[in-house]
Amino acid sequence: MTITKNSIATLHYTLKDDAGEILDIADENNPFLYMHGVGGMIPGLEKALENKAAGDNVVVSVPPAEAYGERNPNLTQDVSREMFSAVDDEEMVVGAQFQAQTDEGVEVITVAAIEGDVIKIDGNHPMAGETLHFDVTILEIRDATEEEISHGHPHGPGGHQH
Ligand SMILES: [Zn+2]
């Protein structure tokens, strides 16, 4: 069996940036489960996994255009500290991430700088502008159930629990 549209694949991977820093790991404690061909993962990695089989090792570098896009300077803005009145001072630090409701749905914003009462926030994806270096091992491949296909995501361990 190989990975094709609506396959559910279980992966282990290590994700590094250009500097070799580890950004993310999916290992035996935290395997990554995804449904192929439904836009649930970055296009460059999905392309690299197409038609691969269980046991295969896939090493691929994905440029920003096929990952989380280039950084968009227009997504940074200054907001008042009052916008975060529910957030304690200890939590309001550079690098802190919050979910914000926007016209596009829920987005993650990152605190880029704090200057007194002014908070500079950055709405870019934290991995925008990064070339992502993946080392992936495919553990298991199965067909999606009808319920998974109708939801557009995998269920079960490592997937959404609903
Ligand atoms: Zn579901």
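Asp-78 counts as partly exposed, at 45% relative accessibility, where partly exposed lies between buried (under 20% relative accessible area) and exposed (over 50%), with a 1.4 Å probe and protein chains only. The model is predicted, so that local features need pLDDT of at least 70 and side-chain atom pairs count only at pLDDT 80 or more, while totals for chains, interfaces and linings use all residues. Residues are numbered from 1 along each chain as its sequence is written, and side-chain values use heavy atoms, with hydrogens and water left out.

**View 1. Lys-120 and Asp-78 form a salt bridge.** The closest N and O atoms of this pair are 3.1 Å apart, and a salt bridge here is a side-chain nitrogen of Lys or Arg within 4 Å of a carboxyl oxygen of Asp or Glu. Because Lys-120 lies in strand β8 and Asp-78 in strand β5, the pair ties together parts that are 42 residues apart in sequence; strands (E, at least two residues) and helices (H or I, at least four) are DSSP runs, numbered from the N terminus. Lys-120 is partly exposed, at 27% relative accessibility.

**View 2. Asp-122 and Arg-71 form a salt bridge.** Their closest N and O atoms are 2.6 Å apart, and the pair links distant parts of the chain, with Asp-122 in strand β8 (residues 118-122) and Arg-71 in the loop between β4 and β5, 51 residues apart. Asp-122 counts as buried at 10% relative accessibility, whereas Arg-71 is partly exposed at 45%.

**View 3. Glu-66 and Lys-47 meet in a salt bridge through their side chains.** The N to O distance is 2.5 Å.
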